[in-house]
Amino acid sequence: MNLQQFRFVRETIRRNFNLTDAARTLFTSQPGVSKAIIEFEDELGVKIFERHGKRIKGLTKPGHVVAQVIERIMREVDNLKKVSDEFARRDEGGLVIACTHAQARYILPKVIPAFRARFPKVRVSLAEGNPPHLAKMVLHEQADVAIATETLAQTPGLAALPVYSWEHTIVVRPDHPLAELTSSAAKQISLEQVAQYPVVTYDHAFSGRGAIDKAFTQAGITPDIVLEAIDADVIKTYVDVGLGIGIIAGMAFDPRRDKGLVGLPAGHLFGTHTTRVAVKSGVFLRDYVYVLLEMLAPELTREVVQEAIDKAPRAE
């Protein structure tokens with residue numbers, strides 16, 4: 001048995017047992033992957049995969065155990081490479097940050113320039129997506145860290161740490177009736193008042209949308225949600241053209257930048273939310289990853305991060 005066979009088995013599982021997709025990812029041929037897996041099974045003396053004809057349908061009972069062992073072995077192999085890079089090329093390498101649009105647009109611009117100034121030889125890449133996808137990217141080591149509000153803290157195999165807390169903001173045009181509320185009245189705006197108007201807000205996977213839905217449901221109110229989007233810039237655009245009122249994450253509204261809109265605090269309606277950064281448990285982190293985490297939140301010192309990684313259960 002060899003590492004190449006391990007890679008083929010792991011990637012086949014990650015690609016939902018699609019040998020063609022696994023071969024494409026590994027830059028090899030589908031027959032080559034199939035042959036290597038069969039030889040590996042013959043060497044082990046057990047079948048790893050359930051098959052229907054030539055198609056792989058899933059893992060056998062011993063296959064589940066073999067897959068866990070392979071994942072642990074490959075994780076340690078990857079760690080060895082990172083240890084080597086850390087000491088041979090201490091301030092060089094790559095950093096992939098998996099993030100939602102909100103983090104890429106409003107939070108990371110405050111961090112990445114300073115990070116690049118300190119580590120000019122590190123190649124930084126942003127990979128945007130929805131929170132479940134970001135979590136999978138880190139679990140599959142396609143990204144070094146993930147930053148999002150949803151999913152990360154509930155994903156086994158990730159160590160998720162709080163970065164900052166935020167609340168929602170309602171945005172309206174200056175000529176909208178809600179813009180005429182006094183400051184004290186705006187702070188006490190009710191769900192009933194909000195539901196009088198068409199609403200533009202986030203897609204269900206993003207930026208506390210679940211809390212918005214929950215608040216209306218608990219109040220027995222069905223809002224008229226006329227448009228859902230994955231980022232606040234799109235929501236603000238459609239508010240500006242008069243489609244409805246917007247409900248966005250508070251950090252996405254800046255009175256100086258968004259001069260054509262009025263913001264109303266909505267934390268009392270939809271609660272306080274926490275954005276987290278996550279890394280995979282059991283992996284070796286380059287020094288510059290620890291620096292990035294502390295730049296995101298000063299309290300995320302190396303010791304705090306390492307303790308969280310040590311306590312987090314590893315993904316099987």
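Colleague: Which helix gives the nonpolar patch its largest share, and how many residues is that?
Modeller: Helix 4, residues 61-88, supplies the largest share of the nonpolar patch, with 3 residues. Keep in mind that this is a predicted model.

Colleague: Let me pick Val69. Where does Val69 lie?
Modeller: Val69 lies in helix 4. With a relative accessible area of 34%, Val69 is partly exposed.

Colleague: Is Glu71 buried or exposed?
Modeller: Glu71 is buried, at a relative accessible area of 14%. Arg14 also counts as buried, with 17% relative accessibility.

Colleague: Nice. How many salt bridges does a search of the whole structure find?
Modeller: The search finds 18 salt bridges. One I would look at is Arg209 with Asp213, where the closest N and O atoms are 2.8 Å apart.

Colleague: Where do Arg209 and Asp213 lie?
Modeller: Both are in helix 10, residues 209-218, and they sit 4 residues apart, about one turn of the helix. Arg209 counts as buried at 3% relative accessibility, whereas Asp213 is partly exposed at 22%.

Colleague: And Lys311, which side chain does that one meet in a salt bridge?
Modeller: Lys311 meets Glu307, at 2.9 Å from N to O. The two are 4 residues apart in helix 14, residues 302-311, so about one helical turn separates them. Lys311 counts as exposed with 63% relative accessibility, and Glu307 as partly exposed with 44%.

Colleague: Which residues do salt bridges with shared partners join into one network?
Modeller: That network contains Arg105, Asp233, Lys236, Asp254, Arg256, Arg257 and Asp258.

Colleague: Changing topic: which domains is the protein chain divided into?
Modeller: There are domain 1 (3-88), domain 2 (93-164 + 274-311) and domain 3 (165-273). Domain 2 is written as two segments, 93-164 and 274-311.

Colleague: What separates the centres of domain 1 and domain 2?
Modeller: Taken over C-alpha atoms, the centres of domain 1 and domain 2 are separated by 27 Å. As for contacts between these domains, 11 residues of domain 1 touch 11 residues of domain 2.

Colleague: OK, on to strands. In what sense do strand 1 and strand 2 pair?
Modeller: Strand 1 (residues 49-52) and strand 2 (residues 55-59) pair in the antiparallel sense, over 4 bridges. His52 has Arg55, in strand 2, as its bridge partner.

Colleague: What happens between the strands in that hairpin?
Modeller: The hairpin has 2 residues between the strands, and Gly53 takes a positive phi near 70°.

Colleague: Last one, Val171. Which strand is it found in?
Modeller: Val171 is in strand 6, residues 158-172. Val171 is buried, with a relative accessible area of 0%.

Colleague: What does Val171 touch, leaving out residues up to four places away in sequence?
Modeller: On that count, Val171 touches Val239, Ile245, Gly246, Ile248, Phe253, Leu261, Val262 and Gly263.

Colleague: And what separates the C-alpha atoms of Val171 and Ala195?
Modeller: Those C-alpha atoms are separated by 14 Å, with Val171 and Ala195 being 24 residues apart along the chain.

Technical notes: Residues numbered from 1 in each chain as written. Predicted model: local features only at pLDDT ≥ 70, side-chain atom pairs only at ≥ 80, totals over all residues. Heavy atoms only, no water. Pairing = 2+ DSSP bridges. Buried < 20%, exposed > 50% of the residue type's maximum accessible area, 1.4 Å probe, protein only. Contact = heavy atoms within 4.5 Å. Domains from an automatic or database assignment. Salt bridge = Lys/Arg side-chain N within 4 Å of Asp/Glu carboxyl O.
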